[in-house]
Amino acid sequence: VWESFKPKLGRSNLRTKSQLLPQASSFKVAVLGAAGGIGQPLSLLIKMCPLVSAVHLYDVANVKGVAADLSHCNTPSQSLGFTGESELANSLKDVDVVVIPAGVPRRSGMTRDDLFNVNANIVKTLVEAVADNAPDAFIHIISNPVNSTVPLAAEVLKQKGVYDPKKLFGVTTLDVVRANTFVAQKKNLKLIDVDVPVVGGHAGITILPLLSKTRPSVTFTDEEAEELTVRIQNAGTEVVEAKAGAGSATLSMAYAAARFVESSLRALDGDGDVYECSFVQSDITELPFFASRVKLGRKGVEAVISSDLQGLTNYEAKALDALKPELKASIEKGMAFVHKRM
Ligand code: NAI
């Protein structure tokens, strides 16, 4: 996010509008749940992205003010507010990427799965609208439990006859962002250089950072690997407990989601070297959905990278075996939700 924003901000005061325009692309991004704890800072970061011409903010309430507030930022893109179901279709018109952070967050003592019943209905309704109004858009699902809401979304899109597995993403970028931060701190590395692939899913033990695949190459003792893995898996709970009743991660999540949006837009813009971890339809394990590094291109996922799963440490291999039954059950729960309601 900062890489692309910083130079543009620095230069924008010096350049005329016409000098800026030839560089800018014109992608439209919709944020569904834009008035929420994640939605607001995420919309701000998206409005700052030079690849964006318009950000559409949709929520069931309180969104007009957020859009008006954002519209005063002198970044080139427009921000438009859409409130309530009657405006949902319009919020999705001509958008290239739809980001969904709508739903309730965790409170202390809750697991992500405890959110399922409320958020499943919200995601179903929103994805139906995406299918009807923006069937070609990339869909980024943030609403938890991602391990279930993404398979649920896939079933909704199948029912609507518009499912493209290459364009449906569960946003797990925050796990990578956290892993990169914690590893850099632990090993005294320059943050910007560190990249840890995180595979599996996005809840508890299904979050599996592959520390042995960290770039730049770095070694960990067994104790360090275990301590870091457990911290990355529980980092969301760290924030939930620190916020003590006021919800879950919002700012770091907005940062991570904005990075994933920017990567998607770079891919849509023709950059041939864009890789991110995401929870997608996958055949690199026996599970139908799995988070791993993927190569992004103009049509979505160009390749699911399986090589990270080779040459795992014993600790990682055991953790991979251990996460599969839980992840499988969460995937099946998401799929079943759609079918039992038919
Ligand atoms: P929040 O409660 O602050 O905001 C949620 C927003 O969704 C509210 O503005 C609400 O009005 C809106 N909303 C509810 N029903 C809606 C509907 N039918 N259509 C459109 N908007 C609707 O919650 P917060 O903190 O922003 O979290 C949102 C979701 O993101 C939660 O499910 C949370 O668990 C998840 N999350 C995911 C993470 C990830 O790594 N994927 C990390 C952190 C949170």
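The model is a predicted one, in which local features need pLDDT of at least 70 and side-chain atom pairs count only at pLDDT 80 or more, while totals for chains, interfaces and linings use all residues. Residues are numbered from 1 along each chain as its sequence is written.

Burial comes next. A residue is buried if 20 or more other C-beta atoms lie within 10 Å of its own, exposed if 12 or fewer, and partly exposed in between, with C-beta atoms placed from the backbone. Among the buried residues of H11 are Leu323, Leu327, Ile331 and Phe337. The buried residues of H11 pack against several elements, including helix H6 (116–133) and strand E10 (289–297), where contact means C-beta atoms, placed from the backbone, within 7 Å. Asparagine 314, also in H11, is exposed because 8 other C-beta atoms lie within 10 Å.

Alanine 35 sits in the loop between strand E1 (27–32) and helix H3 (39–48). Alanine 35 counts as buried because it has 22 C-beta neighbours inside 10 Å. Beyond residues up to four places away in sequence, alanine 35 touches Gln40, Asp59, Ala61, Asn62, Val63 and Val66.

Around the ligand there are 33 residues, of which Gly33, Gly36, Gly37, Ala102 and Asn144 come nearest; a residue counts as near if its C-beta atom, placed from the backbone, lies within 6 Å of the molecule. H6 gives the largest share of this shell, four residues.

In soluble globular proteins, nonpolar side chains tend to be buried together. Here the largest nonpolar core has 101 residues, and Val29, Val31, Val98, Ala153 and Ala257 have the most contacts inside it. Helix H10 (residues 251–268) supplies the largest share of this core, ten residues. Such a core is a set of buried Ala, Val, Leu, Ile, Met, Phe, Trp, Tyr and Cys residues joined through C-beta atoms within 7 Å.

Definitions and conventions:
Helices (H or I, at least four residues) and strands (E, at least two) are DSSP runs, numbered from the N terminus. Two residues are in contact if their C-beta atoms, placed from the backbone, lie within 7 Å.
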